[in-house]
Amino acid sequence: MRCGAGIDARMVDELAINIDPIQAGGRLTADAMKAVIAYGDGYSVCDNCRTPNRLDYISKPPIAEFHKDLASWLNMDAARVVPGARRGFQAVAHTCVKKGEPVLLTSLSHYTEFLAIEEAGGVACEIPANDRHIVTADAAAATIEDVKKKHGRAPSLAFIDHVDYQYGNIHDVQAIVKVAHQYDIPVLCNGAYTVGIMPVDGKNLGADFVVGSGHKSMAAPAPSGVLAATAEQAKDVFRTTAITGDVTGRKFGIKEPEMMGCTLMGVTLVGMMASFPHVKERVKHFDRELANNKIVIQALRSIGGTIVLSKYPRKHTLTRVDTTASFDTVAQAHKKRGFFLSAALAEKGVVGIIPGATRVWKFNTYGMTTLQAQYVAQVFVDIAAENGLKIS
Amino acid sequence: MFIPLHEAGKKAITYFRTVHYYYGDCVSKRAADMVFSAMYTLTDLRVLLRETAPSHALNDEQRAQAERLLENLGRQVGSLKQEMLK
């Protein structure tokens, strides 16, 4: 079935259980799908845009109220929707970092945090994670001291991942913020894998900025996200335009330069808004998600040679495993080589791991029903057994 | 306050033009409602497919939900036929 010339209708999640590590939290709710149907046209949220002509002032649909709710839900003072978490990083880096200034991030940081620093002209200084793949406050303090010695000044900003994308490990943002604030370093908490997945309280973390991803963790279409700030930081990052045209004398009201004026002007925003009540509710039940994750993890650990590389027991559903001593031994002799695992999974209705991966790979159980988790667990065990691996 | 007949007429024309601009006539508004209602019902069925993937084996509660949704869909398509083909 096609939905346009050369574009097949996508039925991945209708036909299979999708364990793709980055897609799980961004699957739309029914209400978001309905919003997509109604608001697919370009500037669909702009029907009732009135003076002062800015997205976060529109009251029909209730975009203004949504912005207030977002900030309050994250326990921050102000929030804006942005086209993906990366645009939040970009806005903050551009505001806080001047050319040549050092900026903290971690050895587990996402590449877009590096790019945000690069674009602002900053110098990336990584806090190394420990051998358990955790970034600690002590490591942050040591790195800041190193940076001071090397650059003659403290970093002008720190990007700290609440949960990193590589291992899905939770890092002690609160403790790292305390250290950073001793050096007057503002901290951006990257909640791309937590905002919309589990409770996030910006003030409790002490963060100056909280960034979330709509399409990764808030059941929203891409690209969408949120940038929330304390009142103190909001004055700068959400400053309004001061420019005037030299010929026309034109001014541009209260548009915000870091947001490039209005941000999400249609289906992305309304999808995010439609999912929001469900997202607010689902973060309260993250324990259920962890219980489903445990079912799958236990099955994987029962396959001889399989190692969970993420911190165990799991506190997040994104998990990295090493199956070099299990599924990869099968791949060595299998006619499909490394593709045997993804092919075998797909045959049984489980998709989402990188085709060809049999050594180190990631998966995410977020959003599954318990029956689906049990099914995925059994599928892994069955594939292992069918290929002669030892099950304990 | 007394409004002269021609003024009232002008107001009525303006009103209907405005309504027409946004919604068309009443018949097509109902047809549009039915199109959206049917698509929303189909969306609920889509979500049911997702929740039960990959076997799509429905339990009693899900079967009852599917039956209710399909009945609604039938009614919505029926109303749409009435509106658009009359």
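Among contacts in chain A between residues at least 6 apart in sequence, 65% join residues at least 24 apart; two residues are in contact if their C-beta atoms, placed from the backbone, lie within 7 Å. The model is predicted, so local features need pLDDT of at least 70 and side-chain atom pairs count only at pLDDT 80 or more, while totals for chains, interfaces and linings use all residues. Residues are numbered from 1 along each chain as its sequence is written, and chains are lettered from A and ligands numbered from 1 in the order in which they are written.

Chain A has 392 residues, for which a compact globule would have a radius of gyration near 21 Å; the chain has 23 Å, which agrees. That radius is taken over C-alpha atoms, and the globule rule is 2.2 Å times the number of residues to the power 0.38. Along the principal axes, the C-alpha atoms of chain A fill a box of roughly 75 × 55 × 35 Å. Of the 392 residues, 48% are buried, that is, 20 or more other C-beta atoms lie within 10 Å of their own, with C-beta atoms placed from the backbone. Chain A contains 15 helices and 14 strands, which are DSSP runs numbered from the N terminus (helices H or I, at least four residues; strands E, at least two).

Helix α7 of chain A spans residues 173-182, and its buried residues are A:V173, A:I176, A:V177, A:V179 and A:A180. They lie on the same side of α7(A) because they cover an arc of only 165° around the axis, the arc being that of the directions from the helix axis to the C-beta atoms. An α-helix has 3.6 residues a turn, so residues three or four places apart point the same way. The packing partners of the buried residues of α7(A) are α6 (137-151), β7 (158-161), β8 (187-190) and α8 (202-205) of chain A. Just after this helix, A:D184 takes a positive phi of about 60°.

Two strands pair if DSSP finds at least two bridges between them. Two bridges join β11(A) to β12(A), residues 318-322, and A:I307 stands opposite A:D322 in β12(A).

Finally, the interface: 12 residues of chain A are in contact with 12 residues of chain B. On the chain A side, α1 (12-15) and α2 (30-38) are the elements that give two or more residues. The largest share, five residues, comes from α2(A).

Methods
A residue is buried if 20 or more other C-beta atoms lie within 10 Å of its own, exposed if 12 or fewer, and partly exposed in between; C-beta atoms are placed from the backbone.
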